[in-house]
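Please read the points below with the model open beside you, and look up each residue as it is named.

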Amino acid sequence: MNREINQRLTAENTEIKLLVLDIDGTIAGESNQINQPVKQAIKAVQAKGVKVAIATGRMYCSALRFHQDINSDLPLMAYQGALIKDPATDKVLRHWPVSKNLALRLLDYFEQPELRSLLSVHFYINDQLYVREITPETQIYAARSNIKAIAVGDLRKVLDTENEPTKILALSDDTDVIERLLGTLRKQYTPAELYLTTSVATFFEATNPWVNKGAAVRYLAEEILGLPASNVMTVGDNFNDVEMLEYAGIGVAMGNGPAEVQAIAHWVAPSVEEDGVVAAIEKFIL
């Protein structure tokens, strides 16, 4: 308990110079938009000279409107940080894809008879979404992401060493299927082979082992801005946010996030539907 109190006191005395925000479940809820109070709080932060960036599991093209909504002048960290790109210059700063060999092995696993009908498999290549077929789940995903899914039948056709997936996603409405998938594949692949996570309970996500939001935020803070972790605040809501919450001087979890994610945070904000980011910003920055 004393350690927890000390940790929180330290957090409250930290000078924040970089604020990194997740999108879904953090600054955007059911409406798929950033509410006005959140925009205003972010604007107030920027007026104080604090830099604001986005780190998301979304595709770059899908995340770009949120980046523009908050008037960020920093690189955008998409696909859990597998792609870091500066919208101002269109320059790719980092791109760590999944190797063709591992992508094929994952696809073989997903296409086992007992799994094939339960999963919609998404390959993200060159910031485009390729799928075997357009399923209802894929239609919902594409509509929320404001992107077009390209159906190709056999996903092996889009794979070569020049075009390796930035991210692989397996989607199912049955959260038990995703949980079992995550548990099984974490036994088959070490963290040195693949980074496996969930951003929502219905998404299984795989990226290059060097990729996670913590590594992306570290790169932005230390290598681009020259800031230590102690000057960074991150806000997120799910398991794919854990590494960046652990990295930052202040890691804030959203009240709508899983208990396990809330447990590792310095502080837990109200839910996304209550504009919890505003409360976090007011407590630690304003």
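1. A residue is called buried when its relative accessible area is under 20%. In this predicted model, helix α4, which spans residues 100-110, has as its buried residues Leu102, Ala103, Leu106, Leu107, Tyr109 and Phe110. Viewed down the axis of α4, these buried residues fall within an arc of 160°, so they line one face of the helix. Among the elements that cover them are α5 (113-116), β6 (120-125), β9 (167-171), α7 (175-188) and β11 (203-207).

2. The whole structure holds 14 salt bridges, and some of them join into a network that links Asp108, Glu111, Arg116, Arg132, Asp154 and Arg156.

3. Where in the chain do Lys213 and Asp241 lie? Their side chains meet in a salt bridge, with N to O at 2.6 Å, and this pair links distant parts of the chain, since Lys213 belongs to helix α8 (residues 213-224) while Asp241 sits in the loop between β12 (232-236) and α9 (242-247), 28 residues apart. Both Lys213 and Asp241 are buried.

4. Within helix α8, Glu222 and Arg218 are four residues apart, which means that about one helical turn separates them. The two form a salt bridge whose closest N and O atoms are 3.4 Å apart. Glu222 counts as partly exposed at 34% relative accessibility, and Arg218 counts as partly exposed at 42%.

5. Lys85 and Asp90 also meet through their side chains in a salt bridge, at 3.5 Å from N to O. Lys85 counts as buried, at 16% relative accessibility, whereas Asp90 is exposed, with a relative accessible area of 52%.

Note on methods. Residues numbered from 1 in each chain as written. Predicted model: local features only at pLDDT ≥ 70, side-chain atom pairs only at ≥ 80, totals over all residues. Heavy atoms only, no water. Buried < 20%, exposed > 50% of the residue type's maximum accessible area, 1.4 Å probe, protein only. Helix = DSSP H or I, 4+ residues; strand = E, 2+ residues; numbered from the N terminus. Arc of directions from axis to C-beta. Contact = heavy atoms within 4.5 Å. Salt bridge = Lys/Arg side-chain N within 4 Å of Asp/Glu carboxyl O.
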